Amino acid sequence: MIPMMSELAEVVMGAAPVAEPLGLYGQAVKFFKDGGPFMLVNLFWLAVALGVAAERIVTLMFKYNMNVKQFMDQITQLVVTGHIDRAAKVAASASQKPLAKVVGAGLKRANRGEIEVARAVEEAIMETSPGITVRIPWLWSLANVATLVGLVGTIFGLIGTFQALGDVPAEQKQALLSDGISKAMNNTAFALTIAVICIVLHLILSTYSKSMLESVELNALRLENMLSRKSNDAEARAAVG
């Protein structure tokens, strides 16, 4: 009896179609199809967030990045030895860098007194700061937008599932409900993933931009103090002479 049942089970199992496992691409396509149109909306916001992050990374970490210590050591040496014009030219040669632009603005006014130097440096800092921090706050907003869009997609998915339950036999309702909830939750999962990505990128870029701003402000203050001491020393020597 048992061998006959075993053979029958083998025949049935052999006759049943076996679903081929989906590859990574197939799983992604199924995931998006099951989630509905709101998945495409969040895919757009993900593309925006990655585009913003990529632009900021290239700008801050490559275009604006420089060896601060080496640059300031060179400027300091030239200023101390009285070659302020040469120091201004060194700063001008890297004027696309925020620090070099601020330092160059101060050096151009070095012979006009401390107040003029301070005003020039402050103006240059105000001019360069937006270029460092621009669009970074978008990432935090995009995290919130993606989460809300995912929530809306989940709610609409559940509404569609419950509406479809009225047209099926009772024995199929549990399976349909389970499948519908699973598909609806795809929106929430995708939205939360986007939100986490945006928040992490926002954390990294905001920290990096803040550090860059602090470096610009600190070295601008050092330049002001250095030019002030040099001017005071020159006045003292002139008075003694």
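1. A105 sits in helix α6 (residues 98-108). Helices here are DSSP runs of H or I, at least four residues long, numbered from the N terminus. This is a predicted model, where local features need pLDDT of at least 70, side-chain atom pairs count only at pLDDT 80 or more, and totals for chains, interfaces and linings use all residues. Residues are numbered from 1 along each chain as its sequence is written, and side-chain values use heavy atoms, without hydrogens or water.

2. A105 has a relative accessible area of 19%, so A105 is buried (under 20% relative accessible area, 1.4 Å probe, protein chains only). Apart from neighbours within four places in sequence, A105 is in contact with A120 and A124 (heavy atoms within 4.5 Å). A further pair is A105 and E122, which are 17 residues apart along the chain, with C-alpha atoms separated by 9.2 Å.

3. S209 belongs to helix α9 (residues 170-240). S209 is buried because its relative accessibility is 5%. A polar atom of the S209 side chain lies 3.0 Å from the backbone oxygen of S206. Neighbours within four places in sequence aside, S209 is in contact with L60, I132, T133 and I136.

4. Next, helix packing. Helix α3 (residues 37-63) and helix α8 (residues 136-164) pack at about 170°, and their axes are 9 Å apart. Axes are lines fitted to C-alpha atoms over the stretch in contact, with angles from 0 to 180 degrees between N-to-C directions. α3 and α8 are therefore roughly antiparallel (angles over 145 degrees). The crossing of α3 past α8 is left-handed, a term for a near helix turned anticlockwise from the far one by less than a right angle.

5. Which residues make the contact of α3 with α8? From α3 come F38, V41, N42, W45, V48, A49, V52, R56 and L60. From α8 come I136, W138, L139, L142, V145, A146, V149, G150, V152, G153 and F156. By class, the contact of α3 with α8 has 16 nonpolar residues, three polar and one charged. Nonpolar means Ala, Val, Leu, Ile, Met, Phe, Trp, Tyr, Cys and Pro; charged means Asp, Glu, Lys and Arg; the others, Gly among them, are polar.

6. Helix α2 (residues 24-35) packs with α3 at an angle of about 115°, with axes 5 Å apart. F31, F32 and G35 of α2 meet P37, M39 and L43 of α3. The residues of this contact are five nonpolar, one polar and no charged.

How values were computed:
Helices (H or I, at least four residues) and strands (E, at least two) are DSSP runs, numbered from the N terminus. Buried means under 20% relative accessible area, exposed over 50%, partly exposed in between (1.4 Å probe, protein chains only). A polar contact is a pair of N or O atoms within 3.5 Å; within protein, one must be able to donate a hydrogen and the other to accept it, and residues adjacent in sequence count only if both atoms are side-chain atoms. Angles under 35 degrees count as roughly parallel, over 145 as roughly antiparallel, 65 to 115 as roughly perpendicular and the rest as oblique.
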